[in-house]
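Trainee: I've got this protein open on my screen. Can we walk through it together?

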Amino acid sequence: MKIFITGGSGFIATPLVEHLLEKGYKVKVLDLKEPKLKHKNLEFVNKSILGNITSDIKGCDAVFHFAALLGVENSDKRPLDTMKINLEGSVNVFKSAIDAGVKKMIYSSSSEVYGEPRELPIKEGSVKGPVSTYGVSKLAAEIYAKAYNQEFGTDIRIVRFFNVYGPGQENNWVVPIFLNKALKNEPITIFGNGNQTRCFTYVEDVAEGVLTVFEKGNKGEAYNIGNNQPTTILELAQIAKEMAKSKSEIAKLDFGEKTRLKEREIEYRIPDISKMKALGWKPKTMIREGISKILSMKN
Ligand SMILES: NC(=O)c1ccc[n+]([C@@H]2O[C@H](COP(=O)([O-])OP(=O)(O)OC[C@H]3O[C@@H](n4cnc5c(N)ncnc54)[C@H](O)[C@@H]3O)[C@@H](O)[C@H]2O)c1
């Protein structure tokens, strides 16, 4: 079986591609940058998801759509690019796959679609209310995916990731920022009181979760892929400091300074993962173990 994966050179897709190859799948990556991994069953197409990609998809059995313009703050600075890549790009991927005869797809969405949760833990069917340009773009593409399932009988499954971290993540996400500050003994800055709660999910667990949804999930359904062990931002800073054996001070910064707005900060984000557990998946790597793995790779 051959999987076509957009954004296949990215942070989350990289371990996923490795898992797919290990399990005997053939993989074709479409990205603007080359995958680091080399393998006889791995092909690479250097193209944008906005281009004419139907002929590239032909011959593949399924499409995993991972390419996106990422990050809440980054998307706010580039709202039109966000809409273009995350919405127009996604629709182009779905439609091109259909034209190429592919009906089974995975769309990688985000916990950002829920916004500030109305209930905890957050279920897949919980109210969606994104509060960022990025979240809106991810939700809009989800709605297209659902409409396509109705209209064309496709099986586009949605996976919503919760605060993914792990080796190879760029230094504009909270875990690498805190770890790099800790390793340099520089102040670790947190906004507000640091009680914002997140469920940090190790990237390898995410890769296994995606494969589980692909192999065992239900047609056209959405799944939360997240760790359900909550950690506050203050705890994360303390763990980073302790595990990096750092002398960093943990500095609290008021909201409103720099670009961070209190109104936009999600207070609690904890997923209900019972749908994933019913498929036989659960997160294996808890935050301390994940951080220890990252630190061991830095040495
Ligand atoms: N990192 C997280 O915590 C997180 C959380 C929720 C959802 N997601 C989703 O997971 C997916 C992967 O995220 P990631 O963290 O691996 O990001 P990433 O930036 O590491 O990977 C995205 C990849 O897409 C490629 N890309 C960007 N624009 C492209 C275009 N126009 N055409 C072709 N390729 C393009 C990039 O080169 C990159 O390799 C995204 O859809 C993202 O929205 C990520």
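Trainee: Where does Ile3 sit?

Mentor: Ile3 is in strand β1, residues 2-6. Keep in mind that this is a predicted model.

Trainee: Is Ile3 buried or exposed?

Mentor: Buried. Ile3 has 23 C-beta neighbours inside 10 Å, and 20 or more makes a residue buried.

Trainee: Which residues does Ile3 contact, leaving aside its neighbours within four places in sequence?

Mentor: Ile3 is in contact with Leu20, Tyr25, Val27, Cys60, Ala62 and Phe64.

Trainee: And how far apart are Ile3 and Leu21?

Mentor: They are 18 residues apart in sequence. In space it is 9.9 Å, C-alpha to C-alpha.

Trainee: Let's zoom out. How many helices and strands does the protein have?

Mentor: Ten helices and 13 strands. The radius of gyration is 19 Å, close to the 19 Å that the globule rule gives for 299 residues, so the protein is as compact as a globular protein of that length. The C-alpha atoms fill a box of roughly 55 × 40 × 40 Å along the principal axes.

Trainee: What share of the residues is buried?

Mentor: 43% of the 299 residues.

Trainee: What about contacts between residues at least 6 apart in sequence?

Mentor: Of those, 75% join residues at least 24 apart.

Trainee: Domains next. What does the domain assignment give?

Mentor: Two entries. Domain 1 covers 2-162 + 203-225. Domain 2 covers 165-198 + 229-271 + 283-298.

Trainee: How many residues does each domain put into the contact?

Mentor: Domain 1 gives 18 residues and domain 2 gives 16. On the domain 1 side, helix α7 (residues 203-216) gives the most, with three residues. By class, that side of domain 1 has eight nonpolar, six polar and four charged residues.

Trainee: And how far apart are the domain centres?

Mentor: The C-alpha centres of domain 1 and domain 2 lie 26 Å apart.

Trainee: Now the core. How many residues are in the largest nonpolar one?

Mentor: 77 residues. Those with the most contacts inside it are Ile5, Val63, Met105, Val210 and Ala240. Helix α7 gives the most to this core, with six residues.

Trainee: Pick Val63. What does Val63 touch?

Mentor: Val63 touches Phe4, Ile57, Val93, Ala97, Val102 and Met105. That list does not count residues up to four places away in sequence.

Trainee: Switching to the ligand. How many residues surround it?

Mentor: 25 residues. The closest are Gly7, Gly10, Phe11, Ala68 and Ser110. The elements giving two or more residues to the shell are α4 (79-99) and β5 (104-110).

Trainee: How does that shell divide into nonpolar, polar and charged?

Mentor: 13 nonpolar, nine polar and three charged.

Trainee: What is phi of Asn163?

Mentor: Near 35°, a positive value in a residue other than glycine. Asn163 lies in the loop between β6 (155-161) and β7 (164-165). Asn163 counts as buried because it has 20 C-beta neighbours inside 10 Å.

Trainee: And Asn185, what is its phi?

Mentor: Near 60°, also positive. Asn185 lies in the loop between α6 (174-183) and β8 (188-191). With 14 C-beta neighbours inside 10 Å, Asn185 counts as partly exposed.

Technical notes. Residues are numbered from 1 along each chain as its sequence is written. This is a predicted model: local features need pLDDT of at least 70, side-chain atom pairs count only at pLDDT 80 or more; totals for chains, interfaces and linings use all residues. Domain bounds come from an automatic or database domain assignment. Two residues are in contact if their C-beta atoms, placed from the backbone, lie within 7 Å. Helices (H or I, at least four residues) and strands (E, at least two) are DSSP runs, numbered from the N terminus. Ala, Val, Leu, Ile, Met, Phe, Trp, Tyr, Cys and Pro count as nonpolar, Asp, Glu, Lys and Arg as charged, and the others, Gly among them, as polar. A residue is near a molecule or strand if its C-beta atom, placed from the backbone, lies within 6 Å of it. A nonpolar core is a set of buried Ala, Val, Leu, Ile, Met, Phe, Trp, Tyr and Cys residues joined through C-beta atoms within 7 Å. A residue is buried if 20 or more other C-beta atoms lie within 10 Å of its own, exposed if 12 or fewer, and partly exposed in between; C-beta atoms are placed from the backbone. The radius of gyration is taken over C-alpha atoms; the globule rule is 2.2 Å times the number of residues to the power 0.38.
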